[in-house]
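Please brief me on this protein model.

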Amino acid sequence: MTIRKAKPEDSKVIADYIMLAMGEIVYQFIGREAKEEATQFMENLVRKTANPYSYENCWVVDIDGDIAAAGIVYDGAKMPELRKVVAEEIKAVFDEELYQLYINSEIETEAGEYYIDSVGVSTNYQGKGIGSKLFQFLIDEYVHNRKGVLGLLVDKDNPNAKKLYLKLGFEIVGERKLTGKEMEHLQFRI
């Protein structure tokens, strides 16, 4: 097992894992619950540069050539700039109303933290500790090596994820709303 930066050719599988992690939010981006359309939308964003979902911001777990998981992480200070590409893609592919909803939606991160936007693990590898290993890698990379703060949001309706994050060493630092849902803001810092 190796954890490496993603490449453009990983885009399809990364989009699949983003959908596992945040499908409901992507459906809000596109204005309907259409999995194939939403996955294609995310794949297009993963292939592009300078947006939150770009392969540039992604780490993948590679097990003998099979991508088992993907994690999207970016500098929270860059979020307003990164959102512009997503907004333009929504406007070009869908419509002005969805574009307006997106550009007026909550920003889930902030300057001063590297933000874990999503982590998705293949259904073939779930329950095998792959997600925990990816999180530990991200903690090592962004907190220990880069001397930064790592942040994420967890849905208040997902106590199992919250339990994992707390076990890994994240601490609750506040609450946020994201796409109308109540979330807890957690951070890992030294």
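Thr179 lies in the loop between β6 (171–178) and β7. Helices (H or I, at least four residues) and strands (E, at least two) are DSSP runs, numbered from the N terminus. Thr179 has a positive phi of about 50°, although it is not a glycine. Thr179 is partly exposed because its relative accessible area is 22%; buried means under 20%, exposed over 50%, and partly exposed in between (1.4 Å probe, protein chains only).

The model is predicted: local features need pLDDT of at least 70, side-chain atom pairs count only at pLDDT 80 or more, and totals for chains, interfaces and linings use all residues. Residues are numbered from 1 along each chain as its sequence is written, and side-chain values use heavy atoms, with hydrogens and water left out.

**Other loop residues**

- Lys147 is found in the loop between α5 and β5.
- Lys147 also has a positive phi, about 60°, and is not a glycine.
- Most residues other than glycine have a negative phi.
- Lys147 counts as exposed because its relative accessibility is 64%.
- Glu33 sits in the loop between α1 (11–30) and α2 (35–47).
- Glu33 is exposed, with a relative accessible area of 70%.
- The C-alpha atoms of Glu33 and Asp10 are separated by 24 Å, and these residues are 23 apart along the chain.

**Strand β4 and its partners**

- Strand β4 covers residues 114–121, and seven of its eight residues are buried, so β4 is largely enclosed by the rest of the structure.
- Strand β3 (residues 66–75) runs antiparallel to β4, and seven bridges join them.
- Two strands pair if DSSP finds at least two bridges between them.
- Across from Val121 in β4 stands Ala69.
- On β4 and strand β5 (residues 150–155), the pairing is parallel, over two bridges.
- Tyr114 stands opposite Leu150 in β5.
- From β4 the chain passes through helix α5 (residues 130–145) to β5, a right-handed β-α-β crossover. Right-handed means that, with the strands pointing away from the viewer, the path from the first strand over the helix to the second runs clockwise.

**Helix α5**

- α5 has 16 residues and reaches 21 Å from its first C-alpha to its last, close to the 22 Å expected at 1.5 Å a residue. The expected span is 1.5 Å times one less than the number of residues.
- Buried residues of α5 include Leu134, Phe135, Leu138 and Tyr142.
- Glu141 is also among the buried residues of α5.

**The largest pocket**

- The largest pocket holds about 1000 Å³ of space. A pocket is an open set of points on a 1 Å grid over the protein atoms alone, where a 1.4 Å probe fits, with protein on both sides within 12 Å along at least five of seven lines; lining residues have an atom within 4 Å of a point. Volume is the space filled by probe spheres set on the points, which are joined across faces, edges and corners.
- Its lining has 43 residues, and Ala21, Met22, Val119, Asn158 and Tyr165 lie nearest the centre.
- Elements giving two or more residues to this lining include α1, β4, α5 and β5.
- The lining divides into 23 nonpolar, 12 polar and eight charged residues. Ala, Val, Leu, Ile, Met, Phe, Trp, Tyr, Cys and Pro count as nonpolar, Asp, Glu, Lys and Arg as charged, and the others, Gly among them, as polar.

**Val61**

- Val61 has its place in strand β2 (residues 58–63).
- Val61 counts as buried, at 0% relative accessibility.
- Val61 and Tyr165 are 104 residues apart along the chain, and their C-alpha atoms are separated by 19 Å.
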